[in-house]
Amino acid sequence: MSTTTPNASDHRVILCMKWGRKYGPEYVNRLYAMVRRHLQGDFQFVCLTDHTEGIRSEVECFPIPPLNLPDGLPERGWKKLTTFSANLHGLHGTALFLDLDVVITDSIDCFFEYPGEFLIIHDWKRPWRVTGNSSVYRFKIGAHADVLAEFLAMQEAIRKNFRNEQAYLSDVLHRQGHLQYWPAEWCKSYKYHCIPAWPGNYWRAPFIPDKARILIFHGEVNPPDALNGNRNRRWRYMRTAPWIATHWCE
């Protein structure tokens, strides 16, 4: 297993992706603001997107490289694989990919300092599997172009064998011996770790787990839902989390 430690002088890139209209430009703008508050020193902030309207000037926008997916497919995050292009718009250095709907609550300097060739969240729901959660992953730009090349060459078969991009990505890098995980306490699921377990969810407010640095929103809860106490699943109640506004802001 690789224990490569990033070079302190290496160029740092924060990478995010926005396609379609599910997320507005405010998600990109707030993500930039959170990174700026919690990452010391210089970095390049890049958004791969098909809609640049309303995105703040500090963010460099580039088109999402083509993947030629068939029309009508359910959303499975396959477009994220284009971050592994051999030549990603001439970008270079170490990239930290962040989903648009994460909430950063503490310093993320350590995400560039932690040793490893490819790092990803270890999925919480089925920890016995190798599958990672690709809401937060780090890689050397251009270093894993074979991941994308294999998908392009065998797209139909891969989509049949893997439910989504993160399952395929984790499997490939695990087989190659490159897959490593962030320390478990750094990236926490809002749904699993911040909402108190039943029945405490009825009188206890959601909280930030100890040592958490990035909160991941997936499934039926996103940051505006958490802020207002709206949960998009019947019979699952959660109280409001006013502290979201402190972190998820410009």
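## A first look at this chain

Both faces of strand β1 are covered, with Arg12, Ile14, Cys16 and Lys18 buried on one side and Val13, Leu15 and Met17 buried on the other. Seven of the seven residues of β1 are buried, so the strand is largely enclosed by the rest of the structure. Keep in mind that what you're looking at is a predicted model. The chain has eight helices and 10 strands, and here's a quick tour of some of them.

**The chain as a whole**

- The radius of gyration is 18 Å, which agrees with the value near 18 Å that a compact globule of 250 residues would have.
- Along the principal axes, the C-alpha atoms fill a box of roughly 50 × 40 × 40 Å.
- Buried residues make up 53% of the 250 in the chain.
- Take the contacts in the chain with a separation of 6 or more: 73% of them come from residues 24 or more positions apart.

**Strand β1 and its partners**

- Which strands does β1 pair with in the parallel sense? One is β2, joined to β1 by six bridges.
- Another is β4, which runs parallel to β1 and is joined to it by four bridges.
- To find the β2 side, look for methionine 17, which stands opposite leucine 48 in β2.
- For the β4 side, go to valine 13, whose bridge partner in β4 is alanine 95.

**Helix α1**

- Helix α1 covers residues 25-38, so to speak a run of 14 residues.
- From its first C-alpha to its last, α1 reaches 20 Å, close to the 20 Å expected at 1.5 Å a residue.
- The buried residues in α1 are Tyr27, Val28, Asn29, Leu31, Tyr32, Ala33, Met34, Val35 and His38.
- What covers the buried residues of α1? The cover includes strands β1 (12-18), β2 (44-49), β4 (94-98) and β5 (103-104).
- Helices α7 (223-228) and α8 (244-247) are also among the elements covering those α1 residues.

**Strand β6 and its partners**

- Strand β6 (residues 118-122) is mostly covered, with four of its five residues buried.
- β6 pairs in the parallel sense with strand β8 (residues 179-181), over three bridges.
- In that pairing, phenylalanine 118 stands opposite leucine 179 in β8.
- β6 and strand β7 (residues 132-140) run antiparallel, and four bridges join them.
- On the β7 side, isoleucine 121 stands opposite asparagine 133.

**Salt bridges**

- How many salt bridges does the structure hold? There are 10.
- One of them joins glutamate 250 and arginine 56, with the closest N and O atoms 3.9 Å apart.
- Glutamate 250 lies in the segment after α8 and arginine 56 in the loop between β2 and β3 (60-62), so this pair ties together parts that are 194 residues apart in sequence.
- Glutamate 250 is exposed, with a relative accessible area of 56%, whereas arginine 56 counts as partly exposed at 22% relative accessibility.
- Lysine 80 and aspartate 99 also meet through their side chains, at 2.8 Å from N to O.
- That pair links distant parts of the chain, 19 residues apart: lysine 80 is in the loop between β3 and β4, and aspartate 99 in the loop between β4 and β5.
- Are lysine 80 and aspartate 99 buried or exposed? Both lysine 80 and aspartate 99 are buried.
- Arginine 175 forms a salt bridge with glutamate 150, and here the closest N and O atoms are 3.8 Å apart.
- This one links two helices 25 residues apart at the pair, with arginine 175 in α5 (residues 165-176) and glutamate 150 in α3 (residues 145-153).
- Arginine 175 counts as exposed at 54% relative accessibility, while glutamate 150 counts as partly exposed at 27%.

Definitions and conventions. Residues numbered from 1 in each chain as written. Predicted model: local features only at pLDDT ≥ 70, side-chain atom pairs only at ≥ 80, totals over all residues. Heavy atoms only, no water. Expected span 1.5 Å × (residues − 1). Buried < 20%, exposed > 50% of the residue type's maximum accessible area, 1.4 Å probe, protein only. Contact = heavy atoms within 4.5 Å. Pairing = 2+ DSSP bridges. Salt bridge = Lys/Arg side-chain N within 4 Å of Asp/Glu carboxyl O. Rg over C-alpha atoms; globule rule 2.2 N^0.38 Å.
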